[in-house]
Amino acid sequence: MSGALVETGPPRTTVHERVRRSLRDDILSGVRKPGEHLRQSALAADLQVSVAPVREALRDLAAEGYVRFDPRRGATVRLVDLTELLEIRMLLEAVEPLVARLAAERVTPEELARMRSVQERLEQVRTPEEHAPLDAAFHDLLTAATRSPRLQALVESLNGSWHLAVAAALDAVPHRVEEAVAEHRPVLAALAAHDAEALASACLAHRRPTWDAVEAVVRRRAQDRALPGRS
């Protein structure tokens with residue numbers, strides 16, 4: 001258990017929200033692997049909370065695409081296959097310009113300050129495991145700036161599944177950490193200038209290299225599993 005919480009919003013949060021963030025960060029950083037069983041009692045003991053907020057957090061994470069509930073096994077970390085990954089990428093590429101347009105129009109100085117704070121922390125990290133939760137927090141804040149609850153719910157669901165695929169491929173894309181941090185800088189500059197076109201361009205330029213790298217890893221693993229004698 002990493003125990004590291006990525007605080008991106010107001011400082012006062014519920015126990016349930018802190019548990020959700022902690023579990024999500026563990027999944028994003030690869031501490032909890034795809035297919036891993038998430039026992040509520042064990043998680044509660046680990047986090048030193050009651051079972052109730054753990055149960056609520058797991059339900060939220062299931063809605064966001066990070067966790068799957070099975071009648072026999074209970075909650076497990078989801079595994080994203082190639083077919084799902086390609087669909088998620090297609091949808092994210094379609095909605096990214098809309099997210100950029102609305103965020104550029106509606107972002108507040110307070111939201112910009114929180115994003116800059118996350119970026120400052122990103123500038124200090126060196127490993128994919130440290131980078132993943134902070135990068136997810138950065139993009140969550142960008143999506144929240146749209147002030148569109150339905151769009152936010154859609155993007156968070158897509159990002160949840162996408163971040164799972166990234167977490168499963170962290171060891172294969174270490175080169176993307178430094179590159180991705182640098183790519184956030186024009187995103188912040190365009191957002192601060194309320195320039196929707198520049199923001200959309202910067203967001204896609206930032207996202208596509210990671211999309212390409214992770215897609216290549218998932219394709220290769222799918223091909224490996226299809227070989228005779230491989231499961």
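A: **Helix contacts and charged pairs**

The crossing of H2 and H3 is right-handed. In this predicted model, the axes of helix H2 (residues 40-47) and helix H3 (residues 51-63) come within 9 Å and cross at roughly 115°. That angle makes H2 roughly perpendicular to H3, because the range counted as roughly perpendicular runs from 65 to 115 degrees. On the H2 side, the contact is made by Gln40, Ser41, Leu43 and Ala44, and on the H3 side by Val51, Val54, Arg55 and Leu58. Sorted by class, the contact of H2 with H3 consists of five nonpolar, two polar and one charged residues.

Helix H3 also holds Arg59. With a relative accessible area of 53%, Arg59 is exposed, since the exposed class begins over 50%. Arg59 and Phe69 are 10 residues apart in sequence, while their C-alpha atoms are 8.7 Å apart in space.

The axes of H6 and helix H8 (residues 176-192) come within 11 Å and cross at roughly 20°. H6 is therefore roughly parallel to H8, as angles under 35 degrees are counted in that way. The crossing of H6 and H8 is left-handed. From H6, the residues Pro128, His131, Asp135, Phe138, His139 and Leu142 meet Val177, Ala180, Val181, His184, Val187, Leu188 and Leu191 of H8. By class, nine nonpolar, three polar and one charged residues make up the contact of H6 with H8.

Ser148 is found in the loop between helix H6 (128-144) and helix H7 (149-168). Its relative accessibility is 18%, so Ser148 counts as buried, the limit for that class being under 20%. Setting aside neighbours within four places in sequence, Ser148 is in contact with Leu102 and Arg106.

The charged side chains come next. Side chains of opposite charge can pair when their charged atoms come close. The structure holds 19 salt bridges. One of them joins the side chains of Arg78 and Glu84, at 2.9 Å from N to O. Arg78 has a relative accessibility of 9% and counts as buried, whereas Glu84, at 21%, is partly exposed; the two fall into separate classes because buried means under 20%.

Another salt bridge joins Arg89 and Glu215, at 3.0 Å from N to O. Arg89 lies in helix H4 (residues 82-106) and Glu215 in helix H9 (residues 196-226), so this pair ties together parts that are 126 residues apart in sequence. Both Arg89 and Glu215 are buried.

Arg208 belongs to helix H9 and Glu93 to helix H4, so the pair ties together parts that are 115 residues apart in sequence. Arg208 is partly exposed, at 37% relative accessibility, and Glu93 is partly exposed too, with a relative accessible area of 27%. The two pairs belong to a network of salt bridges that links Arg89, Glu93, Arg208, Asp212, Glu215 and Arg219.

Key: Residues numbered from 1 in each chain as written. Predicted model: local features only at pLDDT ≥ 70, side-chain atom pairs only at ≥ 80, totals over all residues. Heavy atoms only, no water. Salt bridge = Lys/Arg side-chain N within 4 Å of Asp/Glu carboxyl O. Buried < 20%, exposed > 50% of the residue type's maximum accessible area, 1.4 Å probe, protein only. Helix = DSSP H or I, 4+ residues; strand = E, 2+ residues; numbered from the N terminus. Axes fitted to C-alpha atoms, helices over the stretch in contact; angles between N-to-C directions. Parallel < 35°, antiparallel > 145°, perpendicular 65-115°, else oblique. Left-handed = near helix turned anticlockwise from the far one by under 90°. Contact = heavy atoms within 4.5 Å. Nonpolar A, V, L, I, M, F, W, Y, C, P; charged D, E, K, R; others polar.
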